[in-house]
Structures are given as C-alpha cells and as structure tokens.
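Please look through the sequence and the model shown below before reading on.

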Amino acid sequence: MAKEDFYKILGVKRDAKPEEIKKAYRRLARKYHPDVNPGDKSAEDRFKQMSEAFDILSDPKKRSVYDRFGQYSDNLANAAAGGTGPAYTRGAPFDFSGFDWGATSTSAGAGSSSSFRDIFADLFSGGKAEREAPRPQPQKGADIEMPLSLTFEEAITGLTTSITVNRSDQCSRCHGAGDTGGSVITCPTCKGSGQVQRAGGRLRFTQECTDCGGTGKRRPPCSVCKGKGTLAKTENVKVRIPAGVDTGSRVRISAKGEGGRLGAPPGDLFIITNVGRHQYFTRKGDNIYVTVPITVPEAALGAKIEVPTVTGKAQLRIAPGTQSGQKFRLRRRGAPSLRDPNTHGDQFVEVQVVLPKVISEETKELLRKYGQMNTENPRVAMGLE
Ligand SMILES: [Zn+2]
Ligand SMILES: [Zn+2]
C-alpha cells in the first residue's frame, strides 16, 4: 500500500483538532465501509488506509511521533520517548488481521484502539443482522440544525418563540413503510439489482439500494409519499430557549427533526443561537462587563452609586480615592448559568472618572484653588517636572 500522507487521506489540515479528525473519519467511514460497498476492492483499500490514518492521528502520542518522523511505528515512538530501541526501523503496517469486516462492532475491536471501536459501535451497530436479512429497517429520522438570532437581553432571560421549520413527517398513509402492501414487484429504484451507483468526488460507488434493502424486490411504492415513507412539511415549531444561552449554544427540540422510517422516531431539531451585542454590556461566558462613569467628587470622596446589571439596578460602593479604570466585582449579578439557572456569573464594573463641563466662573475659581492646595505632580515617576 503506497504511503500517502495521513492528513491528506482524511482530508484535514495538519493542525486539525481531534474533533475534526474524528468527524472527517466518520464521514469517510460511512462512505467507504466494506458493508456499504460489498465486493468493492478499491473502497476496501481506501477504508484500510483511512482507518490506519485515523488510528495514528486520533492518538495524541502516536500523532506527535507521526508529525515528527512522517510515519509511525512503535520503535519510533520508543525512540521519541527516549527509549533505547533502534532509532529507525520501517514501521510495521497497521495490523488488520484481527479485523473481521463482516463482524458486528463488538468483535471488531481486536487489536484496535477503543476510539476506533466506539466509532463503529454507533456507525454500524447491527450491521451483520442487516446483511443477513436485507430488508428496509426502521431508521430514526435525521436531526435538523437551524440558526436563531436573539438579542442580548433575550439570551439572558430566555425566550419562548415559534419558528418555521421545513422538516418531514412519517407518511400517514403507509406509516413510513414506503408501501401499503400489494404483490411484490421488481424495485424501480435499482431495477432489481439491489444496488445503486453513487458518486463521491471523482469516484463512483456501488451501494445497497435502501428502497428494497438490497433485495431488488419490493411492494409497490405508497402513492402518497411515492415510497419515501416521509412527507415534506412546513411546521411552526414552538421553541423554548433557556436563560443563559450564548452565541453557538445548541438547544435541542426533541422529535422535530426529519421523520423516521418504518415507525422509527423522528430526529431532533437543534437551534443554534446567535446572540446580538448590547449597547454597554459585554459578556464573556457567564460574566458581564460594563464601564460606568463617575464624577470627580465621587471618585475622590467615595460614594454609593447605582449601576446597571443584566437583572436590574444594583448599588455599588465607590471607595474614597478611587482611580479611573478601577474595577469592582458584583458577585452573582452576571448572566444565568445554562447548566444551573439558579447560579449566575459575576458582573465587573470598570469606573471611568469623567470631568465636568466647567462653565461657571465660580467652579473655575474652585478648581484653581484645588490646584494650589494639591500640588503633587502625577508625572514625577516618569522623570518629568
Ligand atoms: Zn432497490
Ligand atoms: Zn407513504
């Protein structure tokens, strides 16, 4: 097997995060897994390559060895860790001997890492049963993701609203089966071959026909859903956004995704929130930041002032001799925590001393007097006079 760059094989950048690597692998595994491409040697080779790449890149230790040497072997890992093994030996190829392509996920793990196993567990659970009895299986509907813009205040208080979702529902005529009985005919989708061609980039793949479960035969398609088992619909969905969401929060609305097949439950709807800016509050996590102006006498003599918080006004005590830029913390006056609505972040108040507009002759006279009484030079530490 020609050694291609592991990052290229998975189609990820060299600085890809572990989550991106996992995602890329999942996507490719769905496409190239031998169960989906029975008898396709090139898909199987490709699958082996990407599995080897994933095995190395998903393990931080192995990945760092690979990044350093451009290949991975236990000897190289040993050498990199300061061991006494030979500094360079040709890496043993990834061992597939313990990997049974037709097996279910539970036995697929012999010699594979656990993350490798996990992926198969949810990708192809029950794969063997499906191959032995190829007929359409109940299938949970896909999830839907939708963005939702909220104002800063709505993110703090939470919001109940209704949004329009283009989703699908199980066909009420055939209950998602795709047919309503009748005598068996040749599957019109695959013309009886049980397989369909699918394009993936420059390559074409053969895949089991999902309409007949690979048997090539089926009952006549349901006249309402044309055999899909689901019907497209536009639905107004009521969504409750909890208090404390931030930009990028995922709010799950159960069972409002795409309809399921053969009586399987629908997928979920995920609302991805996008929170707007506020005129004077900014937010980092559950903490809120605000800058509040104070007067010269308040700063010099101390004062008790009112400051805004996201949950209403609060009192803040300014100590005598407070400087501009000084920060005060108001505990638990920040945004509510998404995890526990009874806890809040903190609010940080930065005070900014503002000068009055000096108009009256009397005030000017007072300030001159003040200057004469307080002659210390604040720039003396800079060597200035
Ligand atoms: Zn078919
Ligand atoms: Zn139908």
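In which loop does Lys-226 lie? Lys-226 lies in the loop between strand 6 (217-218) and strand 7 (230-241), where helices (H or I, at least four residues) and strands (E, at least two) are DSSP runs numbered from the N terminus. This is a predicted model, in which local features need pLDDT of at least 70 and side-chain atom pairs count only at pLDDT 80 or more, while totals for chains, interfaces and linings use all residues. Residues are numbered from 1 along each chain as its sequence is written, and chains are lettered from A and ligands numbered from 1 in the order in which they are written.

**Overall make-up**

- The protein contains 10 helices and 15 strands.
- Of its 385 residues, 24% count as buried; a residue is buried if 20 or more other C-beta atoms lie within 10 Å of its own, exposed if 12 or fewer, and partly exposed in between, with C-beta atoms placed from the backbone.
- Among contacts between residues at least 6 apart in sequence, 59% join residues at least 24 apart, a contact being two residues whose C-beta atoms, placed from the backbone, lie within 7 Å.

**Nonpolar cores**

- The largest nonpolar core has 20 residues, of which Phe-6, Leu-10, Tyr-25, Met-50, Ala-53, Phe-54 and Leu-57 touch the most other members; such a core is a set of buried Ala, Val, Leu, Ile, Met, Phe, Trp, Tyr and Cys residues joined through C-beta atoms within 7 Å.
- At least two residues of this core come from each of helix 1 (6-10), helix 2 (18-32), helix 3 (41-57), helix 4 (60-69) and helix 5 (74-80), and helix 3 gives the most, with seven residues.
- A second, separate core of 12 residues includes Ile-144, Val-275, Ile-288 and Val-310.
- Tyr-25, found in helix 2, counts as buried because it has 25 C-beta neighbours inside 10 Å.
- Tyr-25 and Gly-11 are 14 residues apart in sequence, and their C-alpha atoms are 9.0 Å apart in space.

**Helix 2 against helix 3**

- These two helices pack at an angle of about 165°, with their axes 10 Å apart, where axes are lines fitted to C-alpha atoms, for helices over the stretch in contact, and angles run from 0 to 180 degrees between N-to-C directions.
- Helix 2 and helix 3 are therefore roughly antiparallel to each other, the word used for angles over 145 degrees, whereas those under 35 count as roughly parallel, 65 to 115 as roughly perpendicular and the rest as oblique.
- On the side of helix 2 the contact is made by Ile-21, Tyr-25, Leu-28 and Tyr-32, and on the side of helix 3 by Ala-43, Arg-46, Phe-47, Met-50, Phe-54 and Leu-57.

**Loop residues with positive phi**

- Lys-226 has a phi near 60°, a positive value in a residue other than glycine, and it is exposed, with 11 other C-beta atoms within 10 Å.
- His-175, in the loop between strand 2 (159-170) and strand 3 (185-186), has a positive phi of about 55° although it is not a glycine.
- His-175 counts as partly exposed, since 14 C-beta neighbours lie inside 10 Å.

**Glu-350**

- Glu-350 belongs to strand 15 (residues 347-354) and counts as partly exposed, with 13 C-beta neighbours inside 10 Å.
- Leaving aside residues up to four places away in sequence, Glu-350 touches Thr-291, Gly-325 and Lys-327.
- The C-alpha atoms of Glu-350 and Lys-327 are separated by 4.3 Å, although the two residues are 23 residues apart along the chain.
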